[in-house]
Amino acid sequence: MFNIVLVTPEIPANTGNIGRTCVVTGSRLHLVGPLGFSLDEKSLHRAGLGYWESLDVTVYGDWEDFLTRNGLSARGSDPRLHLLTKKARRTYAEARYVEGDYLVFGCESVGLPEELLASMPNCCERIPMLPDAVSLENASAWHAGTPADHRALLAQDVCGNFVNPDDYRISALNLSNAAAVVLYEALRQTGFAGME
């Protein structure tokens, strides 16, 4: 069994989708607060379909609470932690997974905190992606737009991503897609039924 960890998730539909993926793969979901939504939100349960009641989910007050309650190391390199970020040299496919590992994802707008990444650089992994063509359009609109236009561009795109005005790039994957990609690689490596 694998553990999907969402640190300060913001979009309930992404969490609902990830919860559904956890149920069908026998994985656990860990939600590290503060959460950007209520666990009672209709969109969370709608995205989770009928699976939410079957989900093995635990909520934590913060990162330290998560580490403590799961017996994980707060500093250095804990081989059970896989911190998914765009700021890593090693890709998720180069990582080696064993059952019980924790696949850790940050919030939709900014990812994992910089201090966390800096404290555990050997745990960081990324999903390689080509630049999103939409980001180029967003960059042009940003430069030509007004402050009101800028606020609109900071909103979510259709995939639930946020535009980053510092580099004008967004990922082609939203949080639920990214979690599924990495989880299925971990399941493949550990011989999950039907993935031979």
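Analyst: On a 1 Å grid over the protein atoms alone, a pocket is an open set of points with protein on both sides within 12 Å along at least five of seven lines, while a cavity is a set where a 1.4 Å probe fits but cannot get out; lining residues have an atom within 4 Å of a point. The model is predicted, so local features need pLDDT of at least 70 and side-chain atom pairs 80 or more, whereas totals for chains, interfaces and linings use all residues. Residues are numbered from 1 along each chain, and side-chain values use heavy atoms, without hydrogens or water.

User: Ok, which residues line the second largest pocket?

Analyst: Its lining is made up of V7, W63, E64, A74, R75, P113, E115, L116 and S119. The second largest pocket holds about 160 Å³, a volume being the space filled by probe spheres set on grid points joined across faces, edges and corners.

User: And which elements supply at least two residues of that lining?

Analyst: Two helices do: α3 (63-70) and α4 (114-119). The largest share is from α4, with three residues. Helices here are DSSP runs of H or I with at least four residues, and strands are E runs of at least two, numbered from the N terminus.

User: How many cavities are there of 30 Å³ or more?

Analyst: The count is one, and the space inside this largest cavity is about 40 Å³. Around it sit I4, I18, T21, C22, S176, A179, A180 and L183. Both α1 (12-25) and α7 (175-189) give two or more residues to that lining, and α7 has the largest share, at four residues.

User: Switching topic: what is the strand order in the sheet?

Analyst: Six strands form an open sheet, in the order β3-β2-β1-β5-β4-β6, and the pairing is parallel. Two strands pair if DSSP finds at least two bridges between them. At the edges are β3 (57-60) and β6 (124-125), each pairing on one side only.

User: Can you zoom in: over how many bridges do β2 and β3 pair?

Analyst: Over four bridges: β2, residues 28-32, runs parallel to β3. As an example to look for, H30 has T58 in β3 as its bridge partner.

User: Good to know. What is the mean pLDDT of the chain?

Analyst: The mean is 82, and 77% of the residues reach 70 or more. pLDDT is the predictor's confidence in each residue, from 0 to 100.

User: Where does it stay under 50?

Analyst: Across residues 156-171. For that stretch the model has 42 contacts (heavy atoms within 4.5 Å) beyond four places in sequence. Where pLDDT is low, the predicted coordinates should not be read in detail.
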